[in-house]
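Please open the model in your viewer and keep the selection panel at hand. The stops below are arranged so that each selection leads to the next.

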Amino acid sequence: MLRLTLFALTAAFSFPAAAAENVTTFKLENGMEAVVIEDHRAPVVVHMLWYKAGAADEKPGVSGIAHFLEHLLFKATDNMEAGEFSAVVEANGGSDNAFTSWDYTGYFQRVAADRLDLMMQMEADRMRNIRLTEEDIVTERDVILEERSQRTDSDPGALFGEQRRAAQYMNHPYGVPIIGWRHEMEQLDREDALDFYRTFYAPNAAVLVVAGDVDPAEVEVLANKYYGPIEPTVDLPERVRPQEPPQLAERRITFEDPRVSQPYVIRSYLAPERDAGDQETAAALTILADILGGSSATSVLGKALQLTEQKAVYTSAFYSGMNFDDTTFGVLIVPTPDLSLEQAEAEMDAVIAQFIEDGVDPDQLERVKTQIRASSIYENDNVSGLARRYGAALTSGLTVEDVQAWPSILEAVTEDDIIAAAKLVFNRDKAVTGWFQKPSEEVTQ
Amino acid sequence: MIRFLLTAVVAVLTLTTTARAIEIQEVTSPGGIKAWLVEERSIPFTALEIRFKGGASLDRDGKRGAINLMTGLIEEGAGDLDSTAFAAAREALAASYGFDVYDDALSISAQFLTENRDEALALLKLALIEPRFDKDAVERVKGQIVSIIGSNQKDPSEIARQAAMGMTWGDHPYGSDKDGTIESVSALTRDDVLVAYKDVLARDRLYVGAVGDIGAEELGVLLDDLLGGLPETGAPMPQQATYLTEGGVTVVPFDTPQSVAIFGHEGIGRDDPDFFAAYVMNQVLGAGGFGSRLMEEVREKRGLTYGVSTYLLPKDYGYLFLGQVASSNDRVAQAIDVIRDEWSKLAAEGVTPEELEDAKKYLTGAYPLRFDGNARIAGILVGMQMDALPIDYADTRNDKINAITLDDIKRVAERLLRPDDLHFVVVGQPEGLESTN
């Protein structure tokens, strides 16, 4: 089966967590949480520091500041020169990087296990001690504008996604792109960055994840040594973002761009996310996405629209429950050339309606669960992935217990739960339907 | 959102390491199939990497894309299973089989649990020995490929890459995309797919790596069963490719706010005595992430790009030294000037003792970190064999890096870096840049 790589959608399937015996947790007195995942197969460690602050925690008007600040954390501190952080990591044979999402900002290094001490020392330093010059701001702002050009403005699919998201979230800041709107990015300044930094870059808003060939007790000693002395932000704001009002009307978007080669229809529905102690609906939605559109050969949409009747070159359903606030459930159809987008949308809707009427194929559900069980074996081969999962969970409102309970919650999902979840989520009043196509005059010529 | 995107860096050097007493065994099956194995019993599954040398470059004249199409069809039905039944059987075993093809090889990456290893391998064998290539599946996958080709024609990076490869290699298979064109793929038939299958999947070009919960004897039996039924030989290997481009600029007009440039000239072979010197030199010039000269000059000092990188690309039948940068239309000319200057500077002056020391520290320190999971190691084992490296290579690799001197770098920089031969293919609407000739 060929993978159509042009649709970089959220994986429909989130694998469960590692066996709990490999995972240790502790908390520092200043409020910093820590998770240690042991893997002693190779003398390597991944050191990650996650902040419970992302694009959705920005103030209005400074979109992109969380991501801009992430770039600026590689500049000078009181103790290090600009660029020195990465240079030291590389001089130790390691690699380092960072990422920003709506709910978190994360920094990580992958190095030989005996260099953990040095990584913590440097990461703790830049939590509170950055020194930004005006020149840093101007040059790095050009870099993020180039990044926006490369990742978004050069890619009509990315621009389309930005427009759909803005329509999906009418009030919540999830509707604002992580990279920022260009006109606001151009105005971001040093004070905007420092304001975000001083508030959120603090031990009581941070989660430490260390994974690899380490002893949890030693990690705790090091964490106390480097992160322990850092003062928390005393007036750390409670994490309450503007919430969605009742969504009462379907939104429809037609996005046209001459760079479009392959038209498609995509629809997202507002959907509940995984909440601490309350993950059952999210589990049902996770499996629903897999059943509906996980595999082109065996999923409901794939079988009906790609195999039985060749009406689509690709179909998918996707859901990610790892969100602090409301998330989305999505469906997608990329029609064959002889089908219009209107016809494609109708075909996709008919298949979903029939699925809700017919119910879940028990054999298919069993196969999905078999793969979930197997993933608890395979995932131990990728300790960085596990580290990332814990970091994302703990910065998205979940606990270690929630992560560890997730496999058994998925396992308990029934056929009725899946249909109930489908009926709950497939409400067009809460949906954005997007058509992605060439400019109309080209279509009709 | 990842801060720094290493744009399309092909894994150039497939080396391995003895991170911690990782022991590589050479296994020869009773039927004569060779494999390299690392026993790793702590997780009850095995990763198996199989590659057939030749890959998409074995496409026959006028049939560009046939091997890529065939690769996409291998798991679309086999034996008495149609594509849905095959996928359902695989899912029920929680096994994964990845089929991929690139210019120099077709690869199969399989992972399967110990508890149902026999069933998982029997199913994979069915796909390898008895693929159905049903007509409806052929048409369906052709539709997917045509869709991908169409999308690539609107992607500035892909336009640049394909234009650069076309100019560089001409009619050699390296000069065209392995996917084929919309015309060539549309014309392919089931018979073409069968020919492609017989041309590529043969035992005389087979390389195997296995890592995981399996021993040498078990692996030998498994390999005979899985691969013994393949034909002994396939199509003859491609000819050496001839480098055809001269220095200059080629602008490919495309309506986009940011230009993408692919640049480079001839490179150096994997078995060249100066390969390691070139590798270390490239670490300083453009491969070293934030520490590289190009990242420092183009991004950190001037903010002209989000990412710039260079890499050695030693393919089996032709060698390139390439780089990529993306910069706004009004600034890409400046980015290109800076890159040319750095190219000239390094060619003339070599690197500093500090740069050499930093590069060595990074390269030797990063080496053990490559052993990142069973599947990754299995891939490394196959890569080593395809590059004809000795099985104890890992023990000497860092010594080779550490032995590189400033004079070595100076010599290889003078030989390899030729600013006048640099050709930039720029896709976009670059200001102040025009095609030469």
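Two strands are said to pair if DSSP finds at least two bridges between them. Helices (H or I, at least four residues) and strands (E, at least two) are DSSP runs, numbered from the N terminus. This is a predicted model, in which local features need pLDDT of at least 70 and side-chain atom pairs count only at pLDDT 80 or more, while totals for chains, interfaces and linings use all residues. Residues are numbered from 1 along each chain as its sequence is written, and chains are lettered from A and ligands numbered from 1 in the order in which they are written.

**Stop 1: strand 7 of chain B**

Select strand 6 and strand 7 of chain B, which run antiparallel and are joined by seven bridges. The two strands form a hairpin with two residues between them. Within this pairing, B:Val101 has B:Leu106 as its bridge partner. Strand 7 of chain B is largely enclosed by the rest of the structure, because seven of its nine residues are buried. A residue is buried if 20 or more other C-beta atoms lie within 10 Å of its own, exposed if 12 or fewer, and partly exposed in between, with C-beta atoms placed from the backbone.

**Stop 2: helix 3 of chain B**

Select residues 117–129 of chain B, which make up helix 3. Its 13 residues reach 18 Å from first C-alpha to last, close to the 18 Å expected at 1.5 Å a residue; the expected span is 1.5 Å times one less than the number of residues. Which residues of helix 3 of chain B are buried? They are B:Arg117, B:Ala120, B:Leu121, B:Leu123, B:Leu124, B:Ala127 and B:Leu128. These residues cover an arc of only 160 degrees around the axis, which puts them on the same side of helix 3 of chain B. The arc is that of the directions from the helix axis to the C-beta atoms. The elements against which they pack include strand 3, strand 6, strand 7 and helix 8 (216–227) of chain B. Such packing rests on contacts, where two residues are in contact if their C-beta atoms, placed from the backbone, lie within 7 Å.

**Stop 3: two residues with positive phi**

Select B:Ala94, in the loop between helix 2 and strand 6 of chain B. B:Ala94 has a positive phi of about 55 degrees although it is not a glycine, and with 23 C-beta neighbours inside 10 Å it counts as buried. Next select B:Phe133, in the loop between helix 3 and helix 4 of chain B. B:Phe133, likewise not a glycine, has a positive phi of about 50 degrees; it counts as buried, with 21 C-beta neighbours inside 10 Å.

**Stop 4: where chain B meets chain A**

Display both chains: 63 residues of chain B are in contact with 62 residues of chain A. Which element of chain B gives the most to this side? Helix 4 of chain B does, with nine residues. The residues on the chain B side divide into 26 nonpolar, 24 polar and 13 charged. Ala, Val, Leu, Ile, Met, Phe, Trp, Tyr, Cys and Pro count as nonpolar, Asp, Glu, Lys and Arg as charged, and the others, Gly among them, as polar.

Within helix 4 of chain B, select B:Gly143. B:Gly143 is buried, with 21 other C-beta atoms within 10 Å, and touches A:Val313 and A:Thr336.

Then select helix 12 of chain B, whose buried residues are B:Glu355, B:Leu356, B:Ala359, B:Tyr362 and B:Leu363. Seen down the axis, they fall within an arc of 135 degrees, so they line one face of the helix. What covers them includes helix 2 (84–91) of chain A. The face turned away carries the exposed residues B:Pro353, B:Glu354 and B:Glu357.

**Stop 5: a sheet in chain A**

Finally, select the six strands of chain A that form an open sheet in the order 1-2-6-3-5-4, with mixed pairing. Strand 1 (23–27) and strand 4 (95–100) of chain A are the edge strands, each pairing on one side only. Strand 3 and strand 6 of chain A run antiparallel and are joined by seven bridges; A:Tyr51 stands opposite A:Ala206.

Methods: Lists of a residue's contacts leave out its neighbours within four places in sequence.
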